[in-house]
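Student: I would like to learn how to read a model like this one. Please show it to me.

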Amino acid sequence: MSTSVHASHEAQFYSREGGKVRCSLCPHSCLIADGRRGLCGVRENRSGTLYSLIYGLASSIHADPIEKKPLFHFLPGSTSISLGSIGCNLFCQHCQNYSISKAKFGQFDLTELTPGDVVRYAGTTGSSSVSWTYNEPTIWHEFTTVASKAAHVAGLKTNYVTNGYIQEAPLRELKGVIDAMNIDVKAFNEGFYKKICGGTLAPVLKACEVAVELGIHVELTYLIIPEHNDSMDEISQFSKWVVDALGAEVPIHFSAFHPDYKLTNLPRTPERTLSHAYDQAKKAGAEFVYLGNILAGDKDDTRCPKCGTRVIEREGFSVRSSNLKGNRCGKCGAELNLVL
Ligand code: SF4
């Protein structure tokens with residue numbers, strides 16, 4: 001069923017402050033006057049009750065290879081029914097999905113879904129998982145959690161493709177609900193988050209740490225933007241933080257920037273920058289490093305960190321072959337960080 005009129009559903013994670021409400025879903029902690037919406041544009045105060053305006057409303061539904069998220073260590077080679085709504089809680093000048101993340105109500109013919117519809121879409125597309133992606137799933141919390149629980153009952157796994165801009169209490173509610181996350185760490189400096197994204201870095205790093213602690217399978221994406229977050233010092237610091245704070249086994253995807261939205265004046269990321277980033281992360285001790293959005297050669301393959309055997313070979317989003325015994329290296333038997 002399609003609708004262009006936004007539905008509503010009482011939101012979680014808010015409190016009343018005078019005649020206003022304080023949303024505590026993401027670190028913006030918006031204080032929202034009656035009749036107004038938070039910065040994400042999809043949560044509205046109506047007479048002291050906060051509503052999600054996008055509950056069950058999807059802008060996009062596609063069956064994607066899981067590798068497209070990118071998630072390389074989570075059900076490799078599988079199909080994932082992928083859903084997004086509209087809106088975002090960051091304001092990245094380089095957003096590559098801005099037609100969705102910046103869409104206003106009425107600009108999209110939104111499809112109204114029940115959790116059962118999500119499960120049915122997964123079944124008809126042969127999907128092994130449900131991906132909440134395209135726009136920021138954090139701001140769709142009330143629906144993604146309910147539909148993810150339905151997905152689990154149906155034997156499906158679930159994942160978020162997220163900017164990690166979420167407060168700790170709602171993130172903790174995702175334990176046992178969301179199985180995997182690809183979290184964007186957009187830079188490793190606060191100045192970038194403030195100037196380019198309208199947010200802050202510290203809560204994102206905290207969210208990564210909490211997600212790992214909760215047992216959620218985490219992979220990270222770092223989009224390298226020329227002149228903004230491409231210094232090898234910054235990339236080296238980021239890589240060391242991943243290894244020290246999250247673990248050497250957490251996969252890192254360095255992705256190439258292409259000019260988009262408000263950052264059309266910048267060049268694409270040179271291949272040599274991506275290669276240097278790959279080397280920096282390896283030097284820092286990261287066991288699984290990948291390059292994306294370019295022809296990556298063998299830098300999108302998975303190798304056993306112990307013996308170097310190529311255990312998963314990829315071409316584009318396709319998994320061509322594997323040398324695995326369960327989640328162990330087929331040659332040396334080392335246990336690998338893979339969810340199969
Ligand atoms: S989720 Fe939306 S309304 Fe809530 S704090 Fe974040 S930006 Fe504000």
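Student: Which residues of β13 lie on one side and which on the other, and are they buried or exposed?

Tutor: First, the ground rules. This is a predicted model, in which local features need pLDDT of at least 70, side-chain atom pairs count only at pLDDT 80 or more, and totals for chains, interfaces and linings use all residues. Residues are numbered from 1 along each chain as its sequence is written. A residue is buried if 20 or more other C-beta atoms, placed from the backbone, lie within 10 Å of its own, exposed if 12 or fewer, and partly exposed in between. Here Lys157, Asn159 and Val161 are on one side of β13, Thr158, Tyr160 and Thr162 are on the other, and all are buried. Strand β13 (residues 157-162) is largely enclosed by the rest of the structure because six of its six residues are buried.

Student: What are the strands that β13 pairs with?

Tutor: Helices (H or I, at least four residues) and strands (E, at least two) are DSSP runs, numbered from the N terminus. Two strands pair if DSSP finds at least two bridges between them. Strand β12 (residues 129-132) runs parallel to β13 and is joined to it by four bridges, with valine 130 opposite threonine 158. Strand β14 (residues 180-184) also pairs with β13 in the parallel sense, over four bridges, and there valine 161 stands opposite asparagine 182.

Student: Is glutamine 237 buried, exposed or partly exposed, and why?

Tutor: Glutamine 237 is partly exposed, because it has 15 C-beta neighbours inside 10 Å. Glutamine 237 belongs to helix α7 (residues 232-246).
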